[in-house]
Amino acid sequence: MAQFQFTRLNEHDAQRTSCLAEAMNNKDLPQQTWLFVSPHDDDLCIGAGLFMQAAIQAGATVHVLIVTDGCMGYCRLEDRDRIIHIRREETYKSFHLLGIPESQIHYIGYPDGGLVPFIGRRRARADEDDIAGYIGLQNALTYHLRQIRPVRVYVPTHTDLHPDHRITHSELMISVFHAAGAIWPELGKPLDEPPRVGELAVYCDFADPPNLEIIGDADVFQIKLDSIAVYRSQIQIERLVDSLRLAGPYEYVRESEFRLFTPETYKPFFASYTTADRSKSS
């Protein structure tokens, strides 16, 4: 069995363990479904190739949702007209190596590098592929969240420079709340509660420090590298594999905490500013 080490940073200490369920403080992983949302087909094997293997080994059911179609990812002119098909085949092979079957890989299929017109939700035109008569990232993400029904969702951090990454992150965050609300009933039964969300680093750093470290043994690390190398249509991928090999079998996750506004958060700050203090400053 593959060996992993997890280190979770808590408020006052660090917890190290070889058990993912222990690191997540959750014994119900074999009953859980996790969803990894990927702006592009090759982002997840780079940022979470070890983490997905660890989740599967711990018993979680892992699904993948790929947002774009890869149409701008051609490196040879002769591949330009068939790059979507080429990358789709590479994707299935890559995730098969990581232990994720084709039946658990889902596509939204919006244009690579062209997500701006798909922000939000609007009624679909007659010539557009729709879900329940609508298109847009919030429509598609809400639909897939309700169909897959994950308790945890992971997505590349919003600090990545690629606009597809930033847009995917922001649209997913609001869709998590849509999926657990009563809005848009034609997209499926609402979730009982919003899933927990974690951020992954793919190319750029986190905005805030991560709180979970994953270290894999030589075997799972090689599987991760092999899953990346499958994307042979991406000529630059070999240099990335070499760079990751030098960096070693490390991955990091930052769990996002949703902070909804409430006046109670700020009352103490202003309550300490007394009437006497106001008089002195006037």
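**Angle classes and model**

The model is predicted, so local features need pLDDT of at least 70 and side-chain atom pairs count only at pLDDT 80 or more, while totals for chains, interfaces and linings use all residues. Residues are numbered from 1 along each chain as its sequence is written, and side-chain values use heavy atoms, with hydrogens and water left out.

**Packing of H2 and H6**

Helix H2 (residues 43–57) packs with helix H6 (residues 218–229) at an angle of about 140°, their axes being 9 Å apart. Axes are lines fitted to C-alpha atoms over the stretch in contact, and angles run from 0 to 180 degrees between N-to-C directions. Helices (H or I, at least four residues) and strands (E, at least two) are DSSP runs, numbered from the N terminus. H2 and H6 are therefore oblique to each other.

From H2, Cys-45, Ile-46, Gly-49, Leu-50 and Gln-53 meet Val-220, Phe-221, Ile-223, Lys-224, Ser-227 and Ile-228 of H6 (contact means heavy atoms within 4.5 Å).

Strand E11 (residues 250–256) is largely enclosed by the rest of the structure, because five of its seven residues are buried (under 20% relative accessible area, 1.4 Å probe, protein chains only).

Strand E9 (residues 196–200) runs antiparallel to E11 and is joined to E11 by four bridges; pairing requires at least two DSSP bridges between two strands. Val-197 has Ser-256 in E11 as its bridge partner. Strand E10 (residues 212–216) is likewise antiparallel to E11, with four bridges, and Leu-212 stands opposite Val-253 in E11.

Notes. Angles under 35 degrees count as roughly parallel, over 145 as roughly antiparallel, 65 to 115 as roughly perpendicular and the rest as oblique. Buried means under 20% relative accessible area, exposed over 50%, partly exposed in between (1.4 Å probe, protein chains only).
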